[in-house]
Amino acid sequence: MAVWSAPGKVFLFGEHAVVYGKPGIAMAIKPRVYVTVRKTRHPPRVKSPYLEKCFELMGVNGSVYIHSQLPSSSGLGSSAAVTVATLSAINDEYGLGHTKSDIASMAHSVEKSVQKGRASATDTYVSTFGGVLLIQGDIKRRLPPEDFHLVIGNTMVSHSTARMVEQVSKFRATDPDIVNPILDAIEAVTMRSLHVFQDQRALGRYMDINHELLEALGVGHPALTRLVTAARAAGAYGAKITGAGGGGSMVALCPKRSKSKIAGAIEGCDGRAIITTIDNEGARKEKEDERNRTDKTGR
Ligand code: PMV
């Protein structure tokens, strides 16, 4: 039996713009998905297409148990974390000898095939390696880890990443003279943020600007606006949509002393708050007694 876990992620800057080759900054966050894989002679049928693809790609069969601290479909990379942890556990249980880089690229191909081609490598890469990453096309650069205090607000409004990406693409096709400058401005904000990474007050201002630019792209939602406004009013350095928008989650960069107050403000506006920080490990092997914490799903 092998037990592996992998973290979720937030976009600090650049979502949607990354689809057009612009840079983005994503960070692995503490909540994790735990996966137990066991060799069995007669494994039950897999119910999740992600798990099914993982076993198919690795060319083996087994049973799988999942326990997730990440809400699904909330823009926090839960499907990527499930995929990365499952592939890592299969690799370990069957002694297949794949490297972390192999796992990251296999996880990306699993997501691409389940999501019909629409999946950037960001989620799977960040979940595999952890830390903060600057992403531009195929280039991924690890940034020095920062001790950020984040509060995530899940609107509980379900959204579809594919639909939001398509909506922006249609807007760009009909109004390139409006959309291209917005994407350029997001790029400028992302690049500027790199110069102020140690100055959280300045970084927060850039997150606010990035949020307004995402609203201008049309991926806002009244529930996101409420949570972003509440977090700012409760003392966040900055707050923005994270991920595809149209529902899903927002993220606030917070002074350490204010994170509980900010989480309370988010909950007061019907959001689910998660207080978190950076995860620097990425996918990791867990002790076997982790099985006591796992719930049976999918098989
Ligand atoms: O909602 P998420 O976490 O899947 O983020 C989507 C981010 C986009 O830039 C909109 C799409 C992508 O594939 O990068």
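Predicted model: local features only at pLDDT ≥ 70, side-chain atom pairs only at ≥ 80, totals over all residues.
Okay, let's start with a word we'll need: buried means under 20% relative accessible area, exposed means over 50%, and partly exposed is in between, using a 1.4 Å probe and protein chains only. One more: helices (H or I, at least four residues) and strands (E, at least two) are DSSP runs, numbered from the N terminus.

Residues are numbered from 1 along each chain as its sequence is written, and side-chain values use heavy atoms, with hydrogens and water left out.

Seven of its eight residues are buried, so the rest of the structure largely encloses α4. Those buried ones are Thr122, Asp123, Thr124, Val126, Ser127, Thr128 and Phe129. What covers them? Contact here means heavy atoms within 4.5 Å, and the cover includes β1, β2 (24-38), α2, α3 (100-114), β4 (132-136) and β5 (139-143).

Now, rings of Phe, Tyr and Trp (its six-membered ring) pair if their centres lie within 6.5 Å; planes under 30 degrees apart are stacked, over 60 edge-to-face, and the rest tilted. That rule gives two aromatic pairs. One of them is Tyr125 with Phe129, a tilted pair at 4.8 Å centre to centre and 40° between the planes. Tyr125 has a charge over its ring too, which takes NZ of Lys or CZ of Arg within 6 Å of the ring centre and within 35 degrees of the ring normal. Here that's Lys140, over the face of Tyr125 at 4.9 Å from the ring centre.

On to the pocket. Rolling a probe the size of a water molecule over the atoms shows where empty space is left. On a 1 Å grid over the protein atoms alone, a pocket is an open set of points where a 1.4 Å probe fits, with protein on both sides within 12 Å along at least five of seven lines; lining residues have an atom within 4 Å of a point. Points are joined across faces, edges and corners, and a volume is the space filled by probe spheres set on them. The largest pocket comes to about 1,200 Å³. Its lining has 45 residues, with Ser79, Glu111, Gln115, Asp123 and Thr161 nearest the centre. Elements giving two or more residues to that lining are β1, β3, α2, α4 and α5 (161-174).

So which residues carry a "binding site" annotation in UniProt? The unreviewed entry lists Pro71, Ser72, Ser73, Ser74, Gly75, Leu76, Gly77, Ser78, Ser79, Ala80 and Ala81. Of these, the lining of the largest pocket includes Pro71 through Ser79. A caution: UniProt positions follow the numbering used here, feature names are shortened, and annotations may be inferred rather than shown by experiment.

Let's zoom in on two of them. Leu76 sits in the loop between β3 (63-68) and α2 (78-93), and at 1% relative accessibility Leu76 is buried. Gly77 is in the loop between β3 and α2 as well, and is buried at 9%. Leaving aside neighbours within four places in sequence, Gly77 is in contact with Lys9, Leu70 and Asp123.
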